[in-house]
Amino acid sequence: MCNMMESRGVLSIIFDLDNTLVDTAGAGRFAIQKVYELLTSTPVLESHIRDICECYLRKLHHESFDPSEGKSIDSVRIHHWYEALQETQGTDPDPDLANSCYYTWKNTRLQALTLSPEVRSLLEELRKNYKLLLLTNGDTQTQWEKIEAVRCEGLFSVVVVGGDHPEQKPAHSIFTHCFKSAGVLPQDCIMVGDSLSTDIQGGVNAGVRATVWINSDCKSLPQGSVTPDYTIPSVLNLNDVLAELMLK
Ligand SMILES: [Mg+2]
């Protein structure tokens, strides 16, 4: 008997944004370098600067942002810089300096975040044959600012930001929202992303046809990790996966 589900083939590709389509980690390193340069032009001791930047990055990494508390993500992150300056130097810093560090970091990171011409043309080609979805975790303001900076919204049929929803990847509910918005079924879709715990696990939980892990550092799969169906070093290799899937 003909299996209707299989005969439909892949109709839709769901992409993660950060470190999948854009080099967010690279833009972040560039932004920290700019803050480093800013701090060298202030009275802050040069021997403290690296520790201040590392302290900020630790706070960013462990950040849990709850918009219902009424603070903006900007004010939370300005406070990270304030505390990083305070804890490293042992004195209360000038609040204006924390402000300058934050906006130097934020604006530099946004400016450095771009869709490379190769990735843009890949998406432009793919959208002729597939419904493209963007599904990115993170708080609403930060992620929409990135999407705007990258000028990529028009390439996608649906753009979903985790912070706009009750649950983020890997939760089933946000994938269901994507499928409904795009008018597709899980088995019509492949999920492409760099995070095993959110993109790949989420894709598996949601029952997509295949998961594609972007493993740019050639990391080995951690023990106990979910296993992606395909692993490629860059999103630019996605056509190889699509060709293989077509043969199945
Ligand atoms: Mg990512």
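**Domains and helix packing**

A: The domain assignment of the protein chain gives domain 1 (4-23 + 114-247) and domain 2 (25-112). Please note that this is a predicted model.

Q: How many Å separate the centres of domain 1 and domain 2?

A: Taken over C-alpha atoms, the centres of domain 1 and domain 2 are separated by 30 Å.

Q: And how many residues of each are in contact?

A: Eight residues of domain 1 are in contact with eight residues of domain 2. On the domain 1 side, the residues touching domain 2 comprise one nonpolar, three polar and four charged.

Q: Stepping back, what does the secondary structure of the protein chain come to?

A: The protein chain has ten helices and six strands. Its C-alpha atoms fill a box of roughly 75 × 40 × 35 Å along the principal axes.

Q: What percentage of the residues count as buried?

A: Of the 248 residues in the protein chain, 36% count as buried. As for contacts with a separation of 6 or more, 60% of them join residues 24 or more positions apart.

Q: Turning to helix packing, at what angle do H2 and H3 cross?

A: Helix H2 (residues 24-40) and helix H3 (residues 46-61) cross at roughly 145°, and their axes come within 10 Å. The crossing of H2 and H3 is right-handed.

Q: Which residues meet there, in H2 and H3?

A: Ile32, Val35, Tyr36, Leu39 and Thr40 of H2 meet Glu46, Ile49, Ile52, Cys53 and Leu57 of H3. By class, this contact of H2 with H3 divides into eight nonpolar, one polar and one charged residues.

Q: What about H3 and H4, how do their axes cross?

A: The axes of H3 and H4 cross at roughly 135° and come within 8 Å. H3 and H4 are therefore oblique to each other, and H3 passes H4 in a right-handed crossing. From H3, the contact involves His48, Asp51, Ile52, Cys55, Tyr56, Lys59 and Leu60, while H4 contributes His80, Trp81, Glu83, Ala84, Leu85, Glu87, Thr88 and Gln89.

Q: How do the residues of that contact of H3 with H4 divide?

A: The contact of H3 with H4 has seven nonpolar, four polar and four charged residues.

Q: Next pair: at what angle do H4 and H5 pack?

A: Helix H4 (residues 73-89) packs against helix H5 (residues 95-112) at about 120°, with the axes 8 Å apart. That angle makes H4 oblique to H5. The crossing of H4 and H5 is right-handed.

Q: Which residues of H4 and H5 meet?

A: On the H4 side they are Arg77, Ile78, Trp81, Tyr82 and Leu85, and these meet Pro95, Leu97, Ala98, Asn99, Cys101 and Tyr102 in H5. This contact of H4 with H5 consists of nine nonpolar, one polar and one charged residues.

Q: Changing topic, why is H9 largely enclosed by the rest of the structure?

A: Helix H9 (residues 196-206) is largely enclosed because eight of its eleven residues are buried. The buried residues in H9 are Leu196, Thr198, Asp199, Ile200, Gln201, Gly202, Gly203 and Ala206.

Q: What covers the buried residues of H9?

A: The cover includes helix H8 (172-182), strand E4 (189-193) and strand E5 (210-214).

Q: One last point: which residue follows H9?

A: Gly207 follows H9, and the phi of Gly207 is positive, near 80°.

How values were computed. Residues are numbered from 1 along each chain as its sequence is written. This is a predicted model: local features need pLDDT of at least 70, side-chain atom pairs count only at pLDDT 80 or more; totals for chains, interfaces and linings use all residues. Helices (H or I, at least four residues) and strands (E, at least two) are DSSP runs, numbered from the N terminus. A residue is buried if 20 or more other C-beta atoms lie within 10 Å of its own, exposed if 12 or fewer, and partly exposed in between; C-beta atoms are placed from the backbone. Two residues are in contact if their C-beta atoms, placed from the backbone, lie within 7 Å. Axes are lines fitted to C-alpha atoms, for helices over the stretch in contact, and angles run from 0 to 180 degrees between N-to-C directions. Angles under 35 degrees count as roughly parallel, over 145 as roughly antiparallel, 65 to 115 as roughly perpendicular and the rest as oblique. A crossing is left-handed if the near helix is turned anticlockwise from the far one by less than a right angle, and right-handed if clockwise. Ala, Val, Leu, Ile, Met, Phe, Trp, Tyr, Cys and Pro count as nonpolar, Asp, Glu, Lys and Arg as charged, and the others, Gly among them, as polar. Domain bounds come from an automatic or database domain assignment.
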